[in-house]
Amino acid sequence: MLDKESNRSTAHGSEEQAYDMIIIGAGFGGIRMLHEARQLGLSAKVLEAGSDVGGTWYWNRYPGARTDSEAWAYCFFFDKQLMEDYDWPERMPSWDQVLDYIGHVVDRFDMRKDIQFDTRVKSAIYDEVANKWRITTMAGETFACTHFVSAAGLLHIAYEPPFKGLDTFQGEWHMTSRWPKEDVDFRGKRVAIVGSGSTAVQILPIVAQSAAHVSMFQRTPNYVTPGRNHPIGKEQMRAIKDNYPAIVDQCQKQVFGFPMDPANRLFSNVSAEEAQRVFERGWEAGGFRFLFETFDDLLVNQEANDAAAEFIRGKIRAIVEDPETAELLCPDYSFAVKRPPTGNFFYETFNRDNVSLIDVKNDPITEITPTGIKTENREFEFDIIIFALGFDAVTGALTHMDLRGRDGVTIKDKWDEGPQTNLGICVDGFPNMYIISGPQAPFANIPIIIENSVDWIGSAIKSTLDGGYDMFEAEPAAVAKWGEHMQNMLDATLLKAGYDVNAWYLGANIPGKKPAVLFYFGGAGAYFDEIHANRDNGFEGFAFKRHNAGAQPRTVAAG
């Protein structure tokens, strides 16, 4: 149903373009929301800052970038034929393979005509008089809509290098989060990688193959489990497709939204010898299977977690030949309180003659010099510096935008003490605004979170329109209750120790950002149960309102 508000001239002299829905971002979330909008019969436009679809995977194209979710779960489940038709080449898809998949989906459903590329949003402001969201782009274009959806994603706003002197560096430098489309030539170059998280874990082994020397600057080591990536043969792909109903069911129930069954095993119920055998099987299985298929109490039982952590430290000491380097790579905190990366030959790479580990925990970087990097006690010369510093995650995509709700309140001010939402989707004071995979939604496999969240959003919009309403908004009491729920779930796990190690999922990695519970830590399956129950119970904790007293019920297509 095309928005009936006529286009109007703006202060810039251009016409304001009117739609039922504006969606920010053309990654998994934006594409899935566009499909849902079409099912509802709504006119929709996706605004994307990049020149093509892909979201996170459009920007993060650095060498070695790939998912740590298995391909057959890192995909859309809303269309059976789509699942049947697409063949994934590898177990853990590389960034370009994910782009190929998203492009395939977009072209299959003829979505490009509803996506505007190279368009970065400057502001989104709720107009209380008209009950419209007014969106302005950096280029000065303006859009109006009733339903405003942010699908900008968790990892959108990069943490910029905070070091003085960067502008004096005479070599070349790159951020992994804004990697150039052109190849970067590392051959014969002295390369620095600043950072030791998931991105550094992926890029180091690739750069080391051709660089003259690579130095990785590490503040905090991580528990890196093997990815065990491999090509997917024709027979395996056929077996996966034949088993898709069971795979979808697993993802709907599993704590992280993965195609895995619970271990049905507690650490205290097995002998020390059996525990080691279980850990060995989990290590060999690769990816997140070490975390989720060994013992069900790894994140709540300190004894179990300590055993898992020491097992991984033993692997590091066995793999890395130099004992001093091995110890520097061994974390001294609980397993998984920082998101554990998966790697392919990460620890083995430190056995190369052209790779060094620079510990900056007690000798921090002080500045970038014309020739390299200076710490408090040392200086290093480099030809290329790679910054793998992470993101202002989860909330950054919205707080860095001029986003204002009722009474002109900005989302940045509203979230100054931490995010406030109901169900991780809606914010009180911001009518008809929805967030896909945003703060206080689960920390889990993103596509399955998106599927369930978009289904809920579609149902909420349909109920609004069918009831003759034109406003849908979270109630403040429900938002406060959801926030308490977030804290209680975190406190029930060992993950609360993430504050002590600057974990990004608590916002503790960004200087000046107040740490807070950014995710739902009760598990993906439990979250799906909560939002489905909320939908089935008539959206308790949300208000349906009529801004226009003469609004009439409108029937839209079933989602």
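Biologist: Is Arg228 buried, partly exposed or exposed?

Modeller: Arg228 counts as partly exposed because its relative accessibility is 31%. Buried means under 20% relative accessible area and exposed over 50%, with partly exposed in between (1.4 Å probe, protein chains only). Before we go on, this is a predicted model, where local features need pLDDT of at least 70, side-chain atom pairs count only at pLDDT 80 or more, and totals for chains, interfaces and linings use all residues. Residues are numbered from 1 along each chain as its sequence is written, and side-chain values use heavy atoms, leaving out hydrogens and water.

Biologist: How should I read phi?

Modeller: Most residues other than glycine have a negative phi. Arg228 is not a glycine, yet has a positive phi of about 55°. You will find Arg228 in the loop between β11 (225-226) and α6 (234-242); helices (H or I, at least four residues) and strands (E, at least two) are DSSP runs, numbered from the N terminus.

Biologist: What is the phi of Ala336, and where does Ala336 lie?

Modeller: Ala336, also not a glycine, has a positive phi of about 80°. Ala336 sits in the loop between α11 (323-328) and β12 (342-343). Ala336 counts as buried because its relative accessibility is 7%.

Biologist: Now a sheet: in what order do β14, β15 and β16 stand?

Modeller: Two strands pair if DSSP finds at least two bridges between them. Here 3 strands form an open, antiparallel sheet in the order β14-β15-β16. β14 (365-369) and β16 (379-381) are at the edges with a single partner strand each, so one side of each has no neighbour in the sheet.

Biologist: Which residue stands opposite Ile368?

Modeller: Ile373 in β15 does. β14 and β15 (residues 372-375) pair in the antiparallel sense over 4 bridges.
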